[in-house]
Amino acid sequence: MGAAGSKLEKALGDQFPEGERYFGLENFGNTCYCNSVLQALYFCVPFREQLLDYYGNNKCTVDAEENLLTCLADLFSQITSQKKKTGVIAPKRFVQRLKKQNELFRSYMHQDAHEFLNFLLNQLVDILEKEAQAEKTEQVTSPPSEKAENGSKNGLANGVHKEPLVTWVHKNFQGILTNETRCLRCETVTARDETFLDLSLDIEQNSSITSCLKNFSSTEMLNAEDKFFCDKCCSLQEAQKRMKIKKPPHILVIHLKRFKYMEQLGRNKKLFYRVVFPLELKLSDTVEDADVEYSLFAVVVHVGSGPNHGHYVSLVKSHNHWLFFDDENVEMMDESAVQTFFGSAQEYSNNTDDGYILFYESLDLGNRN
């Protein structure tokens, strides 16, 4: 990073807390999809803090097996413990583990950043759930005196009762959607809840995140061949269906569907559509009985003209300042420059730097648990 690093350190000056670090990540051959997402997650402060707490509590375990969670925790710990404020770190151990874990990421081909984020978060959840389950099993099979002492703490009645496990990954990223279907004959509403760690939104030209969310929650008619089987009517009926956010997450991750399969082309095509994503986002129409406000803190940007090649960079907000991360390179940027990543109002454009994954943090931090 050399001169660029010292230039950044000078730019950081006294505007940033002493303990904050801004490190580029080395690229191991088309691993920009990984680096860009890791930077967004690193600057997701509650996630970072809980990951480092986990690392501090578990790194002394002698027989601990290496997995994606321990590799990610080790990488974040390396960054936070650096003496300098800026520099470059090689996430070699993490990338090696990722490739070992999933053959999709083993080649040097261009990979999808959203697929990687999805895989990573689900892997972290799986690991934490298995660890918690192993801990419960250990407590259940412990001596009677210990079992009596631990049972009440864990809600275990004779080792049978199981509470749904909510990990700290869930607490940050998980929201709940409600799929409502109203029978137009008897007016009965059937609701089905489902959890999500990110929202994938269809996009349109010259639109905004707000309008994309409204479309996501818009009412859809079920008729003709798509009629709904109503349990109360015991028959197929016309119905109205809509999706609402029942419980918004603390960290709202929005994935813009910029890659669409075009039948006439026989392949995926990138949509350069201009989609405005505000720095402050209010959820109202899409959320049940609530106005929730969010603040944008990271954007993963896809650079390039197609889905099978290109590059990923990330924009990150830290202590009210925006920074640009491009693998090993880190630079300060003006807040006004964020809008240059909205996309293009023209179908074909020389500017192919388009916002792809957006990270918003809830401003209602008082409810964080």
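Predicted model: local features only at pLDDT ≥ 70, side-chain atom pairs only at ≥ 80, totals over all residues.
Two residues count as being in contact when their heavy atoms come within 4.5 Å of each other.

Pro278 sits in the loop between β14 (275-276) and β15 (280-283). Setting aside residues up to four places away in sequence, Pro278 touches Ile209, Leu296 and Tyr360. Ser295 is 17 residues from Pro278 in sequence, with a C-alpha to C-alpha distance of 8.4 Å in space. Pro278 has a relative accessible area of 25%, so it counts as partly exposed.

Our next stop is another loop residue. Ser217 lies between α9 (209-216) and β7 (220-222). Is Ser217 buried or exposed? Its relative accessibility is 5%, and because buried means under 20%, Ser217 counts as buried. Beyond its neighbours within four places in sequence, Ser217 is in contact with Arg242, Met243 and Thr286.

Now for the empty space inside. Rolling a probe the size of a water molecule over the atoms shows where such space is left. Here there are two cavities of 30 Å³ or more.

The largest cavity has a volume of about 40 Å³, and its lining includes Cys71, Asp74, Lys92 and Phe94. Both α4 (68-80) and α5 (92-101) give two or more residues to this lining, and α4 gives the most, with four residues.

Among the residues that line the second largest cavity are Gly29, Asn30, Lys99 and Tyr108. This lining divides into four nonpolar, four polar and one charged residue.

Terms used:
Residues numbered from 1 in each chain as written. Heavy atoms only, no water. Buried < 20%, exposed > 50% of the residue type's maximum accessible area, 1.4 Å probe, protein only. 1 Å grid on protein atoms, 1.4 Å probe; cavity = no way out; pocket = protein on both sides within 12 Å on 5 of 7 lines; lining within 4 Å. Points joined across faces, edges and corners; volume = space filled by probe spheres on them. Nonpolar A, V, L, I, M, F, W, Y, C, P; charged D, E, K, R; others polar.
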